[in-house]
Amino acid sequence: MFDMLTPLDRRGTDSTGTALYGTPGDDSYVVRVRMEANGDTPARVHEALAGAGAVTEESHTGGNLRARVTYSGDLGDLTDIVERVPDTEVFSIGRSMEIVKDVGDAADVERSAPYREFQGSHAIGHTRMATESLVDVAHSHPFWARPFPDISVVHNGHITNYHKLRRRLAEKGHRFATGNDSEAIAVYIADKLEEGNSLEDALRSSVHDLDGTFAYLISTPDGIGVARDRFALKPLIFAEDDEQVLIASEEIAVRRVAASPDLRPRELGAGEVRWWLR
């Protein structure tokens with residue numbers, strides 16, 4: 001993922017992030033938290049997590065904390081428990097998913113929260129040039145579909161019916177950490193999956209329910225789905241063989257990590273969706 005993100009720095013270096021999917025823990029969650037690194041904040045975050053469940057692993061680099069917690073309650077409640085500590089934001093909670101992100105380019109993020117050695121099954125990533133919302137780590141991609149475990153999204157574009165979509169999801173009890181339209185896509189798909197829809201059905205519904213320009217990737221513990229709006233204004237290509245599935249905005253990212261020079265990228269069509277499950 002790092003090697004795919006590096007050549008895409010020129011698309012924007014406001015922030016960079018990735019959602020990584022490793023081996024799930026049967027009865028535990030991995031919690032990723034951004035926090036104030038100084039003072040007593042790290043100790044207070046630890047205290048909050050330990051009060052919710054058994055903390056079996058914990059480490060932090062600067063303001064990025066990673067902890068594995070044995071927990072059986074509601075993930076929204078666990079998020080609230082941590083974020084009651086001032087100057088904290090929960091990036092992700094999942095049995096297999098870990099979101100790493102920060103302001104700056106891929107190398108900056110690697111220095112602040114190393115992830116190049118992470119071993120897992122799949123990942124999605126994003127480099128951002130902010131066009132509307134703030135340039136800060138909270139508005140960096142990927143977005144976690146809080147409080148659904150292990151669901152994240154990266155998005156290129158603008159959802160013009162965002163306020164209507166968010167209001168409809170909020171009326172169902174869903175919550176949001178930011179005012180970013182990309183976060184609403186993540187919660188929209190998670191809601192569809194919770195209703196019993198397949199990933200394919202959720203992707204197809206999004207093409208009709210989302211207005212505006214978009215090309216997005218949604219990741220779950222089982223795989224990755226992609227969708228593109230009906231006017232295909234935002235780029236999205238993919239290449240696949242028996243060993244790899246590679247998806248990107250530009251071919252240079254695919255070429256950087258393709259195991260075979262014969263792997264031929266193809267552009268996702270207007271209104272097209274695809275998905276790959278493990």
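User: What share of the contacts in the protein with a separation of 6 or more comes from residues 24 or more positions apart?
Analyst: Residues 24 or more positions apart account for 68% of those contacts, where contact means heavy atoms within 4.5 Å. This is a predicted model, in which local features need pLDDT of at least 70 and side-chain atom pairs count only at pLDDT 80 or more, while totals for chains, interfaces and linings use all residues. Residues are numbered from 1 along each chain as its sequence is written, and side-chain values use heavy atoms, with hydrogens and water left out.

User: OK, and how many helices and strands are there?
Analyst: The protein has eight helices and 15 strands, taken as DSSP runs numbered from the N terminus (helices are H or I with at least four residues, strands are E with at least two). Its radius of gyration, taken over C-alpha atoms, is 18 Å, close to the 19 Å that the globule rule gives for 278 residues, so the protein is as compact as a globular protein of that length. That rule is 2.2 Å times the number of residues to the power 0.38. The C-alpha trace spans about 50 × 40 × 35 Å along its principal axes.

User: How much of the protein counts as buried?
Analyst: Of the 278 residues, 52% count as buried, a label for under 20% relative accessible area, with exposed meaning over 50% and partly exposed in between (1.4 Å probe, protein chains only).

User: Switching to threonine 79, where is that one?
Analyst: Threonine 79 sits in helix H3, which covers residues 75-83, and it counts as buried because its relative accessibility is 2%. Not counting residues up to four places away in sequence, threonine 79 touches Val90, Ile93, Trp144 and Arg146.

User: Which backbone atom does its side chain reach?
Analyst: The side chain of threonine 79 reaches the backbone oxygen of leucine 75 at 2.8 Å. Such a polar contact is a pair of N or O atoms within 3.5 Å; within protein, one must be able to donate a hydrogen and the other to accept it, and residues adjacent in sequence count only if both atoms are side-chain atoms. The C-alpha atoms of threonine 79 and phenylalanine 91, which are 12 residues apart along the chain, are separated by 9.4 Å.

User: And threonine 88, is that buried or exposed?
Analyst: Threonine 88 is buried, because its relative accessible area is 14%, and it lies in strand E5, residues 88-94. Its side chain reaches the backbone oxygen of valine 85 at 2.7 Å. Leaving aside neighbours within four places in sequence, threonine 88 is in contact with Val33, Arg34, Met35, Thr41, Val45, Val82 and Glu83.

User: New topic: where is proline 142, and what is the peptide bond from histidine 141 like?
Analyst: Proline 142 is in the loop between strand E7 (122-128) and strand E8 (143-144), and the bond from histidine 141 to it is cis, with omega near -5°. The peptide bond from arginine 146 to proline 147 is also cis, with omega near 5°, and proline 147 is in the loop between E8 and strand E9 (152-159). As background, most peptide bonds are trans, and most residues other than glycine have a negative phi.

User: What about phi at aspartate 150?
Analyst: Phi of aspartate 150 is near 70°, a positive value in a residue other than glycine. Aspartate 150 lies in the loop between E8 and E9 and is buried, with a relative accessible area of 5%.

User: And alanine 232, what is its phi?
Analyst: Alanine 232 has a positive phi, near 55°, and is found in the loop between strand E11 (223-228) and strand E12 (237-240). Because its relative accessibility is 21%, alanine 232 counts as partly exposed.
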